[in-house]
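I opened this entry to keep track of what I looked up, item by item.

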Amino acid sequence: MIIKGKVWKFKDNIDTDVIIPARYLNTSDPKELALHCMEDYDSEFVKKMNQGDIIVAGRNFGCGSSREHAPIALKAAGVSCIIAKSFARIFFRNAINIGLPIFESEEIAVQCSEGDFLEVDTVKGILKNINKDKTYKLNSLPAFIQNIISLGGLKEYVKEEVRRRNREDV
Amino acid sequence: MGKTIVEKILSAHTDTDNLKIGDIIKARVDFAFANDITAPMAIKYFKESGAKQVFDKKRVGLIPDHFAPNKDIKSAEQCKLLKEFAQEYEIENYFEIGKMGVEHALLPEKGLVLPGDVVVGADSHTDTSGALGAFAIGVGSTDLAAVMALGEVWLKIPPTIKFVYSGKLNIWVSGKDLILYTISKIGVDGANYKVMEFSGGVIRSLSMDNRFTMCNMAIEAGAKTGIIEPDEITLEYLKGRAKRPFQIYKSDPDAHYEKIIKIDVSKIEPQVAFPHLPENAKPISEAKGIKIDQSIIGSCTNGRIEDLRIAAEILKGQQVHSEVRLIIIPATQEVYLQALREGLVDIFISSGAAVSTPTCGPCLGGYMGILAKGERAISTTNRNFVGRMGHPESEVYLASPAVAAASAIAGRIASPEEVK
């Protein structure tokens, strides 16, 4: 998959409560969640960003709760990819599981500026910063996780596994 | 080379041999659960998976606790989904209002999560059960749906950091103060992807309630989980509770740790974590005098019977400050009933506190104590992020039940000595 978008920069320790405040968790509707994405951090963020834009953040992005609503809200708001110095572990799993591409890179997080235009080839693992005319190699994910992604996310993996087990039962 | 308690538990739950740190395994799950925020999505994905039933009807828990008793129509609809799913799939551990509690306090109390278990919960504070010597991790809804369907979870073998606590605890210093202090030393991502194993003489002498508090907040340092080796105190707690046999694992003396961090507790005062990160803990002596509007005593972190006993000890014969709302929320019905029988509820109400039925409520800004713009709370909960308890311009200070009770009386952040 090739992703193209403009960079929005975020600081360290962006927690799931600012990504999607708990007061909106009485719904699981992605469209409704997207309306409030990052509301307590920057109430204009959803209005300012364009479909396909990319978040570049500091350390520990997505810390806090296990709410899958956080990556869902970001994806539904139009965020196409997140690059951070590091991710909190539950957020990392959730993003992979729902098919939101995320990559850890200290170098890219430091060198990208807000507004830079990026091109990401998620299959080849290459990121180009068009404004800075720089190319980076992205860390590849473990084979097991790549398999989940190639199946289309954990849901598809589970469907296939359930089918396999049902066949064995017969 | 020896193994850590976590390596032993995971080895016993997978078919993969010779586990190494960083290996990805599929681990069999002993208990899986979700709440009214995370279960609705998990239920949807579970149904879409084509699974005919959950992996084990006795080993799935559904607990409406976050916005329950239902705070509004949307929350009511979410809670209804849990109940209907439990009926349809004959899930035994559904906890209706009147029997429920905050999930991480309820499940150990009911003996549903046990030493040596692999526990997977769709809530980040699932690590609480690590206090029993279980490997307990928080996940999102899709992962939980996968566990309900398959009875297993994929995970990476994590490295462990060992924390060794020694010395004599100062007066009013509790498990909450130890964990806030620890997080302040390593930071909110200081244990990201890793296990925090709490050990040493101080931990051995801590009660189960204090141990639960410590493991509960391992996630606030980014940890995959927190864990404490079971001992006589654990076994005593489990008497009459454990619903099935269990296995005790302990770390070998020559187990490999990524790091060993030694902490002398005799230097630690009661702690207060300033907004807006749990790592901003300072000694109470540096926090005194900050005016508060609200004090919350409760949650999966500090809503157990010992927490309420300490609060009652401080509130007895005293009055909550006229400009402060003190809201006390027993974490489970059993805790509530015990508090009632011991006369604690009488002390609370006589002092001018409000006592609520169990709920996560205000901890995550749900309801039952939301802060207005500019308001400030002291709270025994676990997070003080921007907007966590209400308006994005409100503030939460995290502390122990003793400090939260003392502050409610003083109307400002105060140590228990100041009001005794």
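My notes on the fold, the sheet and the interface follow.

**Model.** I am working from a predicted model, not an experimental one.

**Overall fold.** I listed the secondary structure of chain A and got eight helices and seven strands. I then checked the dimensions. The C-alpha trace of chain A spans about 60 × 40 × 25 Å along its principal axes. I looked up burial next: 46% of the 170 residues in chain A are buried. For contacts in chain A between residues at least 6 apart in sequence, I noted that 69% join residues at least 24 apart.

**Sheet.** I traced an open sheet of seven strands in chain A, with mixed pairing and the order β4-β3-β2-β1-β5-β6-β7. Neighbouring strands are turned by 25° against each other on average, direction ignored. I picked one pair to inspect. In chain A, β2 (residues 54-57) and β3 (residues 81-84) run parallel and share four bridges. I54(A) has C81(A) in β3(A) as its bridge partner.

**Interface.** Which elements of chain A give two or more residues to the side that touches chain B? I first counted the contact: 37 residues from chain A and 45 residues from chain B. The elements are α1 (16-19), α5 (89-98) and α8 (154-169) of chain A. The largest share, seven residues, comes from α8(A). By type, I recorded 13 nonpolar, eleven polar and 13 charged residues on the side of chain A that touches chain B.

Conventions
Residues are numbered from 1 along each chain as its sequence is written. Chains are lettered from A and ligands numbered from 1 in the order in which they are written. This is a predicted model: local features need pLDDT of at least 70, side-chain atom pairs count only at pLDDT 80 or more; totals for chains, interfaces and linings use all residues. A residue is buried if 20 or more other C-beta atoms lie within 10 Å of its own, exposed if 12 or fewer, and partly exposed in between; C-beta atoms are placed from the backbone. Two residues are in contact if their C-beta atoms, placed from the backbone, lie within 7 Å. Ala, Val, Leu, Ile, Met, Phe, Trp, Tyr, Cys and Pro count as nonpolar, Asp, Glu, Lys and Arg as charged, and the others, Gly among them, as polar. Two strands pair if DSSP finds at least two bridges between them. Axes are lines fitted to C-alpha atoms, for helices over the stretch in contact, and angles run from 0 to 180 degrees between N-to-C directions.
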